[in-house]
Amino acid sequence: MQTTINTKSMICTKEVLNNVNDELTIALTDYSYSPKSSDWKKDWVHSVAAPAFKEFKNKNYDINSFCTIGTGAGLDAIAAIEILTPSEVTITDIHNEVVSTALSNIKLNLKDNTDVKITGYTGDLMSPFTESDLKFDLIYENLPNIPATDTDFIFTSQNSSSFIKERQGIPFIAKQLLLESHYSLLISARKHLTKNGKILCSIGGRCSLAGICAMFIRANYWPKILTYNWKIQSEPDEVIGGYSASQKAGYGPFYFYPVEALEKTFSSVQRSDEHAQAYQLENCLSKYAITPHEAMKRSNAGQEIGHTVVVIEASPI
């Protein structure tokens, strides 16, 4: 299946594009997370990745080597090539078909004068690099949070929401908040960072900022809130339902919000100030917070439900 996407809309810019085409032609596999171009506030690249890359770029970090873990259709890599302008891009996913399709998508949509080396690997988290000495200036991850009860499901279906449960050495804080995949990535990625390398962790903030930052400290990283934003929950049956089941099983607590409450709260600050006021925003939102069970009921009744998203810039301690 193929789809076309307006690049400027995807990365939320009106500027002339230097590295990628104005209109993207994207092939999708059955395993790929589909871009939400019909409603960009549901789309992860538009709402989360692109703003984080821009904020990172504003700090004037020079990025030569960029790696994205679990790229899907490759749109996060395309956004990074335009915004961060790395000379080397590495993508991973757990499906061979997804990786090969993403590589084709990226190469097809680069402008002729764009000079970037693109490489793809197949495997879970950092496992493709276990036997290599590859190092990256920036690793980006947007990993799923809901534990899968059937590990085989991960490798035979689309897995934008679920992760492999059988992880070793996971501390309580990461297990309790369903941040196991993020913690595992942090631990295994450390040796694949350059001297000043960093990790951008994109986390659907359905749990507290304090809990998320505590997980980073436990993994021996300094967490810095790079962006704090919100998006409309896509695939609500799967995602909200998964969080509801997990909270009933004793995990959490987890929080969702009516979209109108998110719009009202976030409209009170400028986008560039959101990261600085993240805890204040979280506090203001607390009066609108609803449980996953209540969120599922309201979603089934036709109400749009959303959640906050935090991108953490993680630096090894």
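This is a predicted model: local features need pLDDT of at least 70, side-chain atom pairs count only at pLDDT 80 or more; totals for chains, interfaces and linings use all residues.
Start by selecting H192. This residue sits in the loop that links α7 (180-189) to β9 (193-205). With a relative accessibility of 2%, H192 counts as buried, because the cut-off for buried is under 20%. Show the neighbours next: leaving aside residues up to four places away in sequence, H192 touches M126, F129, S132, L134, K135, F136 and I139. At L134, look at the backbone oxygen, which lies 2.8 Å from a polar atom of the H192 side chain.

From there, go to I139, which H192 touches. I139 belongs to the largest nonpolar core, a set of 54 residues. Along with L186, I199, F216 and Y228, I139 touches the most other members of that core. Another core lies apart from it and has 43 residues, including V48, A49, I91 and L226.

Now select L186. Not counting residues up to four places away in sequence, its contacts are I199, C201, M215, F216, A219, Y221 and A314.

Move on to the cysteines. How many disulfides does a search of the whole structure find? The search finds zero. C201, one of the residues touched by L186, is in no disulfide, and the nearest cysteine sulfur, in C213, is 11 Å away. C201 is also buried, at a relative accessible area of 0%.

Finish at C207. The closest cysteine sulfur to that of C207 is again in C213, at 10 Å, which is too far for a bond. C207 is buried as well, with a relative accessible area of 5%.

How values were computed. Residues are numbered from 1 along each chain as its sequence is written. Side-chain values use heavy atoms; hydrogens and water are left out. Helices (H or I, at least four residues) and strands (E, at least two) are DSSP runs, numbered from the N terminus. Buried means under 20% relative accessible area, exposed over 50%, partly exposed in between (1.4 Å probe, protein chains only). A polar contact is a pair of N or O atoms within 3.5 Å; within protein, one must be able to donate a hydrogen and the other to accept it, and residues adjacent in sequence count only if both atoms are side-chain atoms. Contact means heavy atoms within 4.5 Å. A nonpolar core is a set of buried Ala, Val, Leu, Ile, Met, Phe, Trp, Tyr and Cys residues joined through side-chain atoms within 4.5 Å. A disulfide is a pair of cysteine sulfur atoms within 2.5 Å.
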